[in-house]
Amino acid sequence: MIGQAVTELARATGFEFEYDGTTEDRDFEHRGGLSVRSTPVLIGWATPEEVPGLAGDIAGLGGSAYVERTPDHRTYVTGMVVLDTEVFARLSSQPGGFEALRAIVMHELGHVVGLAHVGDPSVLMYADNLGRTSFGPGDLEGLARLGAVDCL
Ligand SMILES: [Zn+2]
């Protein structure tokens, strides 16, 4: 599921992603820091007790850390996606659950590469999940624009 979501993100942005293996790192909320350049994006599952931002009906969180190249130029260098263990356990056995959960991962990965929520309910980056399971035209346009930005 994660691999498929990353593949969709790579296809839409043109970015290349490299799987770096599993880790014991569970520091979802403090990515970055002094070694920010060499810190991989962390993708994992947690409960609201561990990551309070997952409380309520939040199925996942995604975000990035950046370095400031100049006052006008920030570059995202790492990030995280944390997914609600209970939501994933509940939906994974339901019809269409895999696609719904993959869409949650794709939405959070959209945040990792720099997309914010938009007010258009026909796209995956809408704040609420309305059943969409793939990137919409607006998502694809935003992801392509992000992919075209000079990273240096
Ligand atoms: Zn979101």
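Biologist: In which helix do histidine 107 and histidine 111 both lie?

Modeller: This is a predicted model, in which local features need pLDDT of at least 70, side-chain atom pairs count only at pLDDT 80 or more, and totals for chains, interfaces and linings use all residues. Residues are numbered from 1 along each chain as its sequence is written, and side-chain values use heavy atoms, with hydrogens and water left out. Histidine 107 and histidine 111 are 4 residues apart, about one turn of the helix; the element, a DSSP run of H or I with at least four residues, is H3 (residues 97-112).

Biologist: Which residues coordinate the zinc ion?

Modeller: Donors are N, O and S atoms within 2.8 Å of the metal (3.2 Å for Na, K and Ca), and sites may look incomplete because water is not among the atoms. Here the donors follow the spacing H-x3-H-x5-H along the chain. Each contributes NE2 at 2.0 Å: His107, His111 and His117.

Biologist: Are histidine 107 and histidine 111 buried or exposed?

Modeller: Buried means under 20% relative accessible area and exposed over 50%, with partly exposed in between (1.4 Å probe, protein chains only). By this criterion, both histidine 107 and histidine 111 are buried.

Biologist: Which residue in E3 is the bridge partner of leucine 61?

Modeller: Strands are DSSP runs of E with at least two residues, and two of them pair if DSSP finds at least two bridges between them. E2 (residues 60-70) and E3 pair in the antiparallel sense over 10 bridges, and a hairpin joins E2 to E3 through 2 residues. The partner of leucine 61 is valine 82.
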